[in-house]
Amino acid sequence: MAQTEKKGGLLRKSSASKKPLKEKVVLMYDEIFTTEDPSKCSPRFWEELFLMKVNLEYLEGKLESLDGEELMKIKDNINCLFQRCIRALGEEHPIRVVNALQTLCALIRGVHQKNKSTSGFDIINMLMGFDKAELCMKNLMESLDALLCAEGSESLKNLCLKLLLCLVTVTDNISQNTILEYVMINSIFEAILQILSSLPSRREHGYEAVVLLALLVNYRKYESVNPYIVKLSIIDDEATLNGMGLVVAQALSEYNRQYKDKEEEHQSGFFSALTNMVGSMFIADADEKISVQTNEAILLALYEAVHLNRNFITVLAQSHPEIGLVTMPVSPTTPTTPVTPLGTTPPSSDVISTVELPLDADVQTSNLLITFLKYSSIVMQDTKDEHRLHSGKLCLIILTCIAEDQYANAFLHDDNMNFRVNLHRMPMRHRKKAADKNLPCRPLVCAVLDLMVEFIITHMMKEFPMDLYVRCIQIVHKLLCYQKKCRVRLHYTWRELWSALINLLKFLLSNETVLLAKHNIFTLALMVVNLFNMFITYGDTFLPTPSSYDELYYEIIRMHQSFDNLYSMVLRLSTNAGQWKEPASKVTHALVNIRAIINHFNPKIESYAAVNHISQLSEEQVLEVVRSNYDTLTLKLQDGLDQYERYSEQHKEAAFFKELVRSISINVRRNLAFNTLSQETLLKEFSTIS
């Protein structure tokens with residue numbers, strides 16, 4: 001018996017007869033692609049079409065193969081097909097509904113490919129016609145809303161979300177996608193919330209729902225009133241907010257787990273020996289295959305939730321009730337989530353895998369913020385890649401929003417909420433990897449500060465990420481402002497921060513010429529100096545012990561040469577009539593108290609050494625001199641040290657988010673898969689159809 005091959009809608013016998021035979025559905029598509037009404041000769045044409053298995057490849061390919069003039073000739077039939085698809089969504093037979101959804105996806109994708117350079121208006125006209133667009137979209141959105149909210153097939157819900165994602169990402173710049181005006185008017189916000197608040201639906205569709213919401217929130221967000229922004233900002237339902245948090249936590253946890261697996265692979269055998277020889281050369285490769293882009297979509301959702309909704313802040317610190325449970329899919333026929341950008345698949349359940357949990361010795365204290373901090377510590381290691389740079393920047397923006405929030409600061413600094421957070425540290429030749437078991441349990445703010453210190457000491461390089469450094473120092477400053485305001489005495493190893501900040505100043509000094517060609521380094525230097533001024537002026541209100549304050553003075557005196565060199569540089573530039581005169585003079589003025597400390601204590605230390613015939617004083621001896629000479633030290637009161645400009649997205653970050661959303665939109669569209677459901681799978685699921 002001759003075997004039959006299938007390719008592009010053609011059936012071909014592999015016998016002597018080479019004449020290709022077409023599937024019936026392909027023949028029906030060909031009828032649609034004529035100028036005649038296909039139902040004229042066949043009254044049951046449309047009813048029969050939606051019983052046929054969709055050939056996505058052929059339908060999309062056919063649309064793409066036509067030129068603009070040919071496409072306009074069959075516009076009426078395309079409009080009719082679009083309308084018939086919408087009508088079929090209300091059918092009782094699930095097979096018809098599935099085929100209608102898949103056909104709609106193919107139509108939208110095909111017409112988009114043909115109209116890449118044109119506006120959203122042309123796509124609307126080609127798909128449904130201007131005159132019928134409003135009614136078509138109203139019916140479509142109502143049908144999708146009903147399918148998403150119904151207690152029915154998970155496959156149908158899966159396809160509904162894919163169709164919505166396809167609709168949203170039909171143009172690279174979603175704000176130019178005029179179709180979304182109808183999605184704004186006919187909101188599916190409540191349907192998304194219902195998915196997130198229900199455990200079974202969240203497990204199956206939570207990832208797509210969260211990404212969809214994040215994209216919809218970014219439609220013309222600076223130009224008009226976006227109802228999704230308004231509604232997201234006022235959600236106060238605990239189940240919904242927790243559901244969103246669980247989806248985000250699971251996606252980030254999956255990334256962390258994959259990274260750890262990769263790291264362990266590279267640390268074994270020959271590669272480990274090679275890595276030890278060449279330092280951190282292979283760091284970027286260690287997690288090259290783990291998607292950062294995928295998580296940018298999830299990070300965007302996390303950002304929008306933190307930025308827009310004050311109630312979501314509480315979700316960050318809540319332990320996940322489902323942690324430690326591994327939930328398997330209900331059946332092997334359950335539709336899988338589509339492949340996502342750069343190869344990482346989003347989580348298919350909202351429980352955190354037990355594989356990830358051993359990263360924390362104290363499993364029960366894991367929460368969204370811990371997972372996010374771990375994720376941040378991974379992506380912020382390597383900022384040379386553009387995707388990672390964007391991801392790292394978004395992490396710092398999220399942390400900025402958290403650091404400004406009063407309630408977030410309350411639980412970050414709560415002594416009764418101690419956590420063991422194992423951040424990833426960049427392998428460096430001059431330090432040993434910290435043992436995970438030795439990590440102390442501390443308030444969460446300590447992990448945030450650790451992350452900032454880690455970034456400061458590991459990114460002093462020629463391609464200097466100035467913007468990220470500025471954000472990093474701002475986060476530390478905002479946390480200190482809270483500690484000063486609320487008199488929180490945090491037991492933290494402040495010396496590590498002081499040392500990192502001084503090393504940063506040394507780096508700026510030694511690379512002055514190279515850096516000044518690209519950056520205003522005085523902005524960053526001023527911020528660093530003012531952090532020291534915060535400790536000097538207000539340290540007695542928030543440093544844990546009097547000895548901590550003494551240690552601050554010790555570090556300033558010990559590293560006085562760095563501050564002296566900085567003063568010499570800014571004095572030189574502030575006395576010249578160059579472009580850096582004003583910013584350099586600000587640093588000169590800010591150094592007044594640091595120089596007063598150095599000039600006050602250094603002579604006394606030298607005198608103490610001379611009197612006691614000691615060539616080199618120990619730390620304790622220096623501290624003794626410091627403690628006994630505070631009374632005669634005169635410092636100037638500096639205003640505004642505990643003030644800061646609050647984060648504003650629209651005025652400063654609009655360009656960044658526009659580009660980020662564009663990147664996410666392109667990747668979502670590229671990776672949507674509509675034909676993952678076989679007809680056999682559907683027949684099994686819809687047992688009512690024989």
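Predicted model: local features only at pLDDT ≥ 70, side-chain atom pairs only at ≥ 80, totals over all residues.
Q: Why is the pair of Tyr303 and Phe657 called stacked?
A: The ring centres of Tyr303 and Phe657 are 4.6 Å apart, and a pair needs centres within 6.5 Å. Their planes stand at 25°, and planes under 30 degrees apart count as stacked. The pair is therefore stacked. It belongs to a set of 22 aromatic pairs in the structure.

Q: What makes the pair of Tyr303 and Phe657 a tie between parts of the chain?
A: Tyr303 lies in helix α17 (residues 293–308) and Phe657 in helix α33 (residues 654–671), so the pair ties together parts that are 354 residues apart in sequence.

Q: How do you know whether Tyr303 is buried or exposed, and what of Phe657?
A: Buried means under 20% relative accessible area. Tyr303 has 0% and counts as buried. Phe657 has 1% and is also buried.

Q: Why is the pair of Tyr553 and Tyr630 called edge-to-face?
A: The centres of the Tyr553 and Tyr630 rings lie 5.2 Å apart, with the planes at 85°. Planes over 60 degrees apart count as edge-to-face, so this pair is edge-to-face. It links distant parts of the chain, 77 residues apart: Tyr553 is in helix α27 (residues 546–558), and Tyr630 is in the loop between α31 (619–627) and α32 (649–652).

Q: Which residues do ring pairs link into a cluster?
A: The cluster consists of Tyr492, Trp494, Trp498, Phe535 and Phe542.

Q: What makes the charged end of Arg595 sit over the ring of Tyr567?
A: The charged end of Arg595 is 3.7 Å from the centre of the Tyr567 ring. The distance limit is 6 Å, and the charge must also lie within 35 degrees of the ring normal. Arg595 is listed as sitting over the ring. The charged end of Lys62 likewise sits over the ring of Phe33, 6.0 Å from its centre.

Q: What lines the second largest pocket?
A: This pocket has a volume of about 600 Å³. Its lining has 30 residues, and the closest to its centre are Val470, Gln474, Met527, Glu645 and Lys652. The largest share, seven residues, comes from α23. By class, the lining has twelve nonpolar, nine polar and nine charged residues.

Q: How do you know that the length of helix α19 agrees with its number of residues?
A: Helix α19 (residues 368–379) has twelve residues, which should span 16 Å at 1.5 Å a residue. Its end C-alpha atoms are 17 Å apart, which agrees.

Q: Why is α19 called largely enclosed by the rest of the structure?
A: Twelve of the twelve residues of α19 are buried, so the helix is largely enclosed. Among them are Phe372, Lys374 and Tyr375.

Q: What makes Arg220 and His613 stand out?
A: Arg220 has a positive phi of about 45° although it is not a glycine. His613, also not a glycine, has a positive phi of about 50°. Arg220 lies in the loop between α12 (199–217) and α13 (227–234), and His613 in the loop between α30 (592–611) and α31.

Q: Why is His613 called exposed and Arg220 partly exposed?
A: Exposed means over 50% relative accessible area. His613 has 74%, so it is exposed. Arg220 has 26% and is therefore partly exposed.

Notes:
Residues numbered from 1 in each chain as written. Heavy atoms only, no water. Phe/Tyr/Trp six-rings, centres within 6.5 Å; stacked < 30°, edge-to-face > 60°. Helix = DSSP H or I, 4+ residues; strand = E, 2+ residues; numbered from the N terminus. Buried < 20%, exposed > 50% of the residue type's maximum accessible area, 1.4 Å probe, protein only. 1 Å grid on protein atoms, 1.4 Å probe; cavity = no way out; pocket = protein on both sides within 12 Å on 5 of 7 lines; lining within 4 Å. Points joined across faces, edges and corners; volume = space filled by probe spheres on them. Nonpolar A, V, L, I, M, F, W, Y, C, P; charged D, E, K, R; others polar. Expected span 1.5 Å × (residues − 1).
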